[in-house]
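Here are a few notes to read alongside the model.

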Amino acid sequence: MSASLTPRRNEPVVAIVGAGMGGISAGVLLRRAGIGSFTIYESAERVGGTWWHNRYPGAEVDVDSYVYSFPFARHDWSRTHARQPELHAYLEGVVTDHGLIPHLRLGTGVTRAVWDDDLAGYHLTLSSGETAFCNVLISGVGFLNVPNLPDWPGLADFTGPCFHTARWEPQHDLTGKRVAVVGTGSTASQVVPALQPLVGEVVVFQREPGWVIPKGDRDYTAEERRKLRSPLVHLVRRAKWYWATEKRLWGGATYRPGSPVNQMAERAGRAYLAKVFADRPDLAEACTPSYPFWGKRPIYSSDYYPALTQPNVTLVPKAVRSVTARGVVDADGTEHPVDVLVLATGFQPVNYLAHLAVVGRDGRTLHDHWAGEPRAFLGMTVPGFPNFFMLYGPGTNLAHGGSLIFQSECQVRYVMDALRRTLTGGHRVIEVRPEPAAEYRERYRNEIAQMVWAHPSVTHTHFKNSRGEIWTASPWPVPTYWAWTRSVDPTDFTVA
Ligand code: NAP
């Protein structure tokens, strides 16, 4: 991309919503492109998005640290899988080092954006009650940002502390307490081993088990860190990691239920269960999923299963029916007395842009346009919503556990290319044409229907909407997505 997109006096005003990894990356690349007129609105008091909100004990990344950093800000990670404090400090460092502080509006969300044809931009309503204007709107809010809060009968009557993992309440002393953890997804698999040595008892409520892959997390040795500081070693390691992760998606066989490679993965999952629970056949049985391997995003953890075998941990392999003042009642009607209730119940991924109403050219909101089917061309842009781009939008979640950083990098570069083409052509508005968007939607539907995530045996999954359709996960390997997003195909867009 050219060093400068446009002379400064013609600069578009850009609003980025969200100061998580996507928003930060967009800010850095805008600055590098010579666009200084941008603001990053962040509803939280600190930057970091997911790595700020998720401060529960044990929070750490579950892909290798050296792939989990921006290419423009390599980092000397202390562990194979960095923990939340290190990740958050890294992101704050990037914001400072790359000159984003003057562009930040912390504690200020964007709640509404209304397109104005005459002004070629969006009128913004901010959570502070103020209004603002931008020509280009970039959503970096991601999609694992709205906690899924259950509505069990009696929940409001619980007398002890009760909170979601993404809103951890550190003020409570959990020493010696009986703590219920509801949920057994990626988050719970980190919370449970972290709580087990600290608390009196952990009672884990499991509605449906997930497949677990041991992660092998540990501190890097000094020698490993020294080696990884070499840009070449770093590059080769990353390339190897991407190859190992992404080759699973080539041809899709790994994710096709019943295929030999899918069954091979399942055998490995069962072997791990048998090994770790050799002395606990009850746990082996309770933790064995009834859906094919990869049916949901796998849980990467080496210490979750071992934690379940500890004497102060009880697995209740049942859903929650209700809550009482002092306990949790399981689906069979048994009440389990607890002092603290931790909701590791995940998020509302299909509820894209839950807190941002975007009103397009015809006066309709994006949510009305979607009608429960969140979709976007390349996961980023929608006909009728000019100059609007989503990072980590519909259909771009990496269900197989790939690195979102690279995926997000592809998206940010694509958005920058779209802006460059618009501005250098002397235009102010860019909008994806309905035909390529419809074609992309069909291609997505056909592809996703063949993936294991869509298998009818996978019932409880945050990938599916209430109609059982998947609009969240990407069925394509990241290199394919990279190839599609390397540059904007002008025939896909209209400019004005
Ligand atoms: P999740 O995978 O959606 O898991 C939520 C858990 O809560 C599931 O076990 C679910 O049971 C259970 N649950 C939800 N509602 C329930 C209800 N009403 N009653 C009983 N159980 C209920 O959420 P998550 O663990 O927070 O992970 C979400 C995503 O965040 C992951 O897929 C991953 O992409 C990401 N993540 C990443 C990391 C990392 O290290 N990078 C760490 C954590 C999370 P069912 O299985 O029966 O639905």
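1. Starting with the fold: the protein chain has 13 helices and 21 strands, counted as DSSP runs (H or I of at least four residues for helices, E of at least two for strands) and numbered from the N terminus. Its radius of gyration is 23 Å, close to the 23 Å that the globule rule gives for 496 residues, so the chain is as compact as a globular protein of that length. That radius is taken over C-alpha atoms, and the rule is 2.2 Å times the number of residues to the power 0.38.

2. A word on provenance: this is a predicted model, where local features need pLDDT of at least 70 and side-chain atom pairs count only at pLDDT 80 or more, while totals for chains, interfaces and linings use all residues. Residues are numbered from 1 along each chain as its sequence is written, and side-chain values use heavy atoms, with hydrogens and water left out.

3. How much of the chain is buried? Buried residues make up 55% of the 496, with buried meaning under 20% relative accessible area (1.4 Å probe, protein chains only).

4. Now the ligand. Of the 24 residues around it, Glu60, Thr184, Thr187, Lys296 and His462 come nearest; to be counted, a residue needs a heavy atom within 4 Å. By class, this shell has 7 nonpolar, 11 polar (Gly is put here) and 6 charged residues (Asp, Glu, Lys and Arg). Helix α4 (residues 186-195) gives the largest share, 3 residues.

5. A polar side-chain atom of His462 lies 2.9 Å from one, and a backbone N or O atom of Ser186 lies 3.0 Å from one.

Notes
Polar contact = N/O pair within 3.5 Å; in protein donor to acceptor, adjacent residues only side chain to side chain. Buried < 20%, exposed > 50% of the residue type's maximum accessible area, 1.4 Å probe, protein only.
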